[in-house]
Every structure is written in C-alpha cells, then in structure tokens.
Amino acid sequence: MQQSAKDCDIFFVRVKDTHIPIEFRQKIRVTKNDYDCLMFGQEHLFTLELKSTQQKSISFDEKIIKQHQIDKLNEASGFENVVSGFIFNFREPENRVFFVHIRDFLDYKYIAQNQIKDHNYQNKVNKSSISLPICEEIGLEIKGFKKRTRWHYHMNDFINEAIKIYGNNK
C-alpha cells in the first residue's frame, strides 16, 4: 500500500511497531501505536489501521483489533478533514481490500456483539467478527492489481470516493 501511495504522489507514513523479545516484555514498557499509518491526500488526513487475513472474516478479539486503536480512530474522525477507519485485506481467494469507516465499523460491532435483530444488514451478522460480505456491504473496495510479485492499489480512486462519502464528517 505504501508504494501505491508513493506512485500516486500521496503522503504516506507507516508507524512502525516496536518488537520486544518475550523475555523482556514484563520489564520494558512501550507506548502503543494509535494506528498503523497516516496518509494525506487532497487536503484530507487518513488515519488507518491495517488488518490482513487469509480467512473470510476478521475477529473482534483484542489480540487482533485492539480497543485503544478503535478509540483513537474514532477520536481522530471527529476532526475536520480527517477520515479514519480500517483497511481490511482478505488475501484469499482473490485479494480483496476494503476501507471501513470507523463509525460504520462501530455501528456494526455494536449490533453484532449485542445480537440486535433489528438491523439493515443484508448479510449474516456474526457477533465475534466482521466478514468479507459485511465489508462488501458497508465498506469501500480498494481496487488493485498484481504487478509481478506485489499488489498495486488505486489509491487516488479510493481517496476520491472516501472524501466524497466521509470527507465532511465532523
């Protein structure tokens, strides 16, 4: 994704996670990253958490999607010209990638975990994960193609569509 942004002349910063060896984790305290990356394009800042899986769904488990990241994405989305959310990469079978705005994610997660029967989702709601069909329903697909060995994504198309839908949220 970083190379795709660079090719489209979009500012992109990936926040590096700090690796602490298991034997030192109890002794060393490391600050937690708010999100995985920041992207700036067309006068909008995107705060993004990236998740990738070979499965057909991504678990809400704290080991996978951390509550502090959800909170920070939601907080950032309250600012003008900031678009926040998850980019979910479903690698199998066709490498499909979706942006899900944090507010849409929170709405879905609330309905799923509280098992609310009265909702507008056409696909099955799973109380412990967000599935590919739900991402198709509530997310923006980020189209891409494989260049030899790596994927290239149409980041300008994604930014234009995301700004059109979410850009004036405050």
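**Ground rules.** I number residues from 1 along each chain as its sequence is written. In this predicted model, local features need pLDDT of at least 70 and side-chain atom pairs pLDDT 80 or more, while totals for chains, interfaces and linings use all residues, and side-chain values use heavy atoms, without hydrogens and water.

**Entry one: Lys51.** I found Lys51 in strand S3, residues 44-53 (strands are DSSP runs of E, at least two residues, numbered from the N terminus). Is Lys51 buried or exposed? Lys51 counts as buried because its relative accessibility is 14% (buried means under 20% relative accessible area, exposed over 50%, partly exposed in between, with a 1.4 Å probe and protein chains only).

Next I looked up its neighbours. A polar atom of the Lys51 side chain lies 2.6 Å from the backbone oxygen of Ile64.

**Entry two: salt bridges.** Side chains of opposite charge can pair when their charged atoms come close. I saw that the whole structure holds six salt bridges (a side-chain nitrogen of Lys or Arg within 4 Å of a carboxyl oxygen of Asp or Glu). One of them joins Lys51 and Glu49 at 3.1 Å, N to O. Glu49 is buried too, at 1%.

I then checked Glu141, which pairs with Arg96 at 3.0 Å. Glu141 lies in strand S8 and Arg96 in strand S6, so this pair ties together parts 45 residues apart in sequence. Lys143 also bridges to Glu141, at 3.6 Å. Shared partners join Arg96, Glu136, Glu141 and Lys143 into one network.

Definitions and conventions:
Helices (H or I, at least four residues) and strands (E, at least two) are DSSP runs, numbered from the N terminus. A polar contact is a pair of N or O atoms within 3.5 Å; within protein, one must be able to donate a hydrogen and the other to accept it, and residues adjacent in sequence count only if both atoms are side-chain atoms.
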